[in-house]
Amino acid sequence: MRLTRELKDQDVEEIHDRYFYDRKFDRKNYDDFNLMKEEATPIFEKIEKWEDDANDLVHKLPIFPNQIKNTKDNLEIMILHSYFNDVRKKRFVELYQSVKYNLNLILDEQQEE
């Protein structure tokens, strides 16, 4: 649950803010790509760990295994879009809302127990 809360309250918001407020990276610039890779690697690792933990507990969670996979995939897509800003704002917001919804489902269920 700690990872779920961290992702929701901290990481997803940082990704959101990066998309809307930070400088946009150039895909063709090798330095930009390496900087993005260096900055994003820890969050990708955290998402991977979160997926493993969530799958271990899926029988206790109010979501299905495919929702866990989709949330992980959407988080990873959001990270890439936040650096390169290569998707429309509407699509990015849809990803953001979907991820927040699923993370909230998990956290809300845990608070009820």
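Visitor: What makes up the protein chain, in helices and strands?

Guide: The model is predicted, so keep that in mind throughout. The protein chain has 4 helices and 0 strands. Along the sequence the pattern reads α-α-α-α.

Visitor: How much of the protein chain is buried?

Guide: Buried residues make up 40% of the 113 residues. The label needs a relative accessible area under 20%. The accessible surface of the chain comes to about 7,000 Å². Carbon and sulfur atoms hold 49% of that surface.

Visitor: How many charged side chains are there, positive and negative?

Guide: The chain has 19 positive and 26 negative side chains. The centres of the two sets lie 5 Å apart.

Visitor: What share of the contacts join residues at least 24 apart?

Guide: Take the contacts between residues at least 6 apart in sequence. Of these, 77% join residues at least 24 apart.

Visitor: What makes a group of residues a nonpolar core?

Guide: The residues must be buried, be of the nonpolar kinds, and be joined through side-chain atoms within 4.5 Å. The largest such core here has 28 residues. Trp 50 and Met 78 have the most contacts inside it. Helices H1 (2-21), H2 (30-56), H3 (65-84) and H4 (89-112) each supply at least two of its residues. In soluble globular proteins, nonpolar side chains tend to be buried together.

Visitor: Which residues does Trp 50 touch, beyond those up to four places away in sequence?

Guide: Trp 50 touches Leu 3, Thr 4, Leu 7, Ile 68, Thr 71, Lys 72, Leu 103 and Ile 106.

Visitor: Leu 3 is on that list. How do you know whether Leu 3 is buried or exposed?

Guide: Leu 3 has a relative accessible area of 9%. Buried means under 20%, so Leu 3 is buried. Leu 3 sits in helix H1. Apart from its neighbours within four places, Leu 3 contacts Lys 46, Lys 49, Trp 50 and Asp 53. Leu 3 and Asp 53 are 50 residues apart along the chain, yet their C-alpha atoms are separated by 8.8 Å.

Visitor: Ile 106 is listed too. Why is Ile 106 given its burial label?

Guide: Its relative accessible area is 1%. The cut-off is under 20%, so Ile 106 is buried. Ile 106 belongs to helix H4. Its contacts, leaving aside residues within four places, are Met 1, Thr 4, Trp 50, Leu 61, Pro 62 and Ile 63. Ile 106 and Phe 92 are 14 residues apart along the chain, and their C-alpha atoms are separated by 22 Å.

Visitor: What makes Leu 95 count as buried?

Guide: Its relative accessibility is 2%. That is under 20%, so the label holds. Leu 95 is in helix H4. Beyond four places in sequence, Leu 95 contacts Asn 74, Ile 77, Met 78 and His 81. Leu 95 and Asn 74 are 21 residues apart in sequence and 6.1 Å apart, C-alpha to C-alpha.

Visitor: How do you know that Asn 74 is buried?

Guide: Asn 74 has a relative accessible area of 14%. Under 20% means buried, so Asn 74 qualifies. Asn 74 is part of helix H3. Its contacts beyond four places are Leu 95, Ser 98 and Val 99. The C-alpha atoms of Asn 74 and Val 99 lie 6.8 Å apart, across 25 residues of sequence.

Visitor: Why is Asp 32 called buried?

Guide: Its relative accessible area is 9%. The limit is under 20%, so Asp 32 is buried. Asp 32 is in helix H2. Asp 32 touches Arg 23, Phe 25 and Asp 26, not counting residues up to four places away.

Visitor: Why is Asn 85 called partly exposed?

Guide: Its relative accessible area is 30%. Buried is under 20% and exposed is over 50%, so Asn 85 falls in between. Asn 85 lies in the loop between H3 and H4.

Visitor: What is noted about the phi of Asn 85?

Guide: Asn 85 has a positive phi of about 50 degrees, although it is not a glycine. Most residues other than glycine have a negative phi.

Notes:
Residues are numbered from 1 along each chain as its sequence is written. This is a predicted model: local features need pLDDT of at least 70, side-chain atom pairs count only at pLDDT 80 or more; totals for chains, interfaces and linings use all residues. Side-chain values use heavy atoms; hydrogens and water are left out. Buried means under 20% relative accessible area, exposed over 50%, partly exposed in between (1.4 Å probe, protein chains only). Contact means heavy atoms within 4.5 Å. Accessible areas come from the Shrake-Rupley method with a 1.4 Å probe; for residues, only the protein chains shown count as cover. Lys and Arg count as positive and Asp and Glu as negative; His and the chain ends are not counted. The place of a charge is taken as NZ of Lys, CZ of Arg, CG of Asp or CD of Glu.
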